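I set out to look up charge pairs, ring contacts and strand pairing in one model. My entries follow in the order in which I made them.

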Amino acid sequence: MADKHPVSRPANPRFSSGPCAKIPHFNLEMLADAPLGRSHRAAVGKDKLKAAIETTREILGIPADYKIGIVPASDTGAVEMALWSMLGARKATMLAWESFGAGWVTDVVKQLKIDAEVKTAEYGQIVDLATVDFNTDVVFTWNGTTSGVRVPNGDAIPADREGLTICDATSAAFAQDLPWDKLDVTTFSWQKVMGGEGGHGMLVLSPRAVERLETYTPAWPMPKIFRMTKGGKLIEGIFKGETINTPSMLAVEDYLVALEWGKKVGGLPKLMERADFNAKIIWDFCDEYDWIDNLAEDPATRSNTSVCLKFTDDRIKDPAAFAKAVAKKLETYQAAYDIGSYRDAPAGLRIWCGATVEAADLEKLTLWLKWAFEVCIAEQE
């Protein structure tokens with residue numbers, strides 16, 4: 001069976017859910033314009049950072065009166081800044097349907113000790129948003145990177161809500177249509193859909209979020225890295241490229257290159273189209289075989305980026321060991337790297353289908369998946 005593996009491998013076997021595949025045909029020469037060894041506060045550095053902010057606004061269609069900041073510590077840093085700076089003014093509602101959402105619950109309930117209602121759903125499901133009180137501050141992930149489920153739309157979020165919506169959209173931005181009028185705080189990182197480098201987060205604030213920052217002072221001490229106001233006013237420089245700490249100008253250049261590629265392929269509509277097309281390749285594969293299935297139970301909530309799969313064959317004796325064996329087999333043959341499910345998620349596979357992944361590579365991957373499954377089933381018997 002091992003000798004009968006598919007002949008053709010994916011040209012790029014990188015299907016990790018973060019850091020994700022670089023843009024097609026990426027090479028380091030694309031970063032030649034990075035102002036290395038220059039201060040991020042010099043004109044050239046400020047211009048690069050401002051361009052990153054404004055091109056992000058352009059592609060994602062973020063309203064002109066929303067603030068966009070580049071902040072430290074990737075998406076995690078952006079979420080923590082929002083939680084520490086804005087929560088506590090009113091009751092909160094924490095929604096969790098995967099590991100990162102569960103992490104925000106821990107931070108809010110156990111660390112900040114906020115009065116909060118916690119609503120959870122099992123992996124593969126999401127919370128019924130119709131049951132959520134949006135007059136509280138609501139914290140949730142838009143797309144569950146570790147569970148493969150997403151919020152299908154923002155219809156359940158009322159326009160006249162009294163609370164803030166704080167949305168971790170790190171594996172949704174640039175691949176899904178985010179309803180900005182329904183989101184007060186939105187965070188994401190560069191290393192997901194655009195295939196950028198890690199370490200930098202994006203923080204998008206609505207006017208309502210800015211109002212909260214300027215009218216509410218949390219009861220706890222605020223670390224410098226989280227401070228967004230001074231004297232009761234927003235520190236505007238943060239949202240003009242004057243970062244809180246020193247950014248990597250090499251990573252900034254890499255993000256700019258990815259953004260320009262995104263514009264060149266057709267902007268947000270085409271980026272979403274690429275992700276949708278990619279994900280459907282894997283969904284169709286699951287429909288073809290009865291030994292594998294999408295972890296997301298409702299097709300309406302299936303992620304088009306982080307596609308999570310589960311094995312359903314009754315012959316599998318140890319699901320976790322079997323999934324690891326399949327992932328290892330594919331890596332050994334250089335057919336797919338880093339596609340094991342997240343450590344806290346149910347045993348299975350996780351395949352990144354974001355816009356930087358080529359459909360032809362996913363088509364070839366499905367052939368290897370079938371081969372690896374058959375080999376691993378034979379090896380356990």
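Predicted model: local features only at pLDDT ≥ 70, side-chain atom pairs only at ≥ 80, totals over all residues.

Entry 1, charges over rings. I count a charge as sitting over a ring if NZ of Lys or CZ of Arg is within 6 Å of the ring centre and within 35 degrees of the ring normal. By that criterion, I find the charged end of K22 over the ring of F26, 4.8 Å from the ring centre. I also note R302 over the face of W283, at 5.5 Å from the centre of that ring.

Residues are numbered from 1 along each chain as its sequence is written, and side-chain values use heavy atoms, with hydrogens and water left out.

Side chains of opposite charge can pair when their charged atoms come close. I take a salt bridge to be a side-chain nitrogen of Lys or Arg within 4 Å of a carboxyl oxygen of Asp or Glu.

I looked up the partners of K48 next. With D33, K48 forms a salt bridge whose closest N and O atoms are 2.6 Å apart. K48 lies in helix α1 (residues 43-60) and D33 in the segment before α1, so this pair ties together parts 15 residues apart in sequence. Helices (H or I, at least four residues) and strands (E, at least two) are DSSP runs, numbered from the N terminus. For accessibility I use relative accessible area: buried is under 20%, exposed over 50%, and partly exposed in between (1.4 Å probe, protein chains only). K48 is buried at 13%, whereas D33 is exposed at 53%.

K48 forms a salt bridge with E253 as well, the closest N and O atoms being 2.9 Å apart. This pair links distant parts of the chain, with K48 in helix α1 and E253 in helix α5 (residues 249-264), 205 residues apart. I find both K48 and E253 buried.

E374 and K370 form a salt bridge, with closest N and O atoms 2.6 Å apart. They are four residues apart in helix α8 (residues 359-380), which means a separation of about one helical turn. E374 is partly exposed at 28%, and K370 is partly exposed at 27%.

Entry 6, aromatic pairs. I pair rings of Phe, Tyr and Trp (its six-membered ring) if their centres lie within 6.5 Å; planes under 30 degrees apart are stacked, over 60 edge-to-face, and the rest tilted. The structure holds 16 such pairs. F100 and Y342 make a tilted one, 5.6 Å centre to centre with 40° between the planes. Because F100 lies in helix α3 (residues 99-111) and Y342 in the loop between α7 (319-332) and β12 (349-352), the pair ties together parts 242 residues apart in sequence. F100 is partly exposed at 32%, while Y342 is buried at 15%.

Strands pair if DSSP finds at least two bridges between them; six join β1 to β7 (residues 200-205), and the two run antiparallel.
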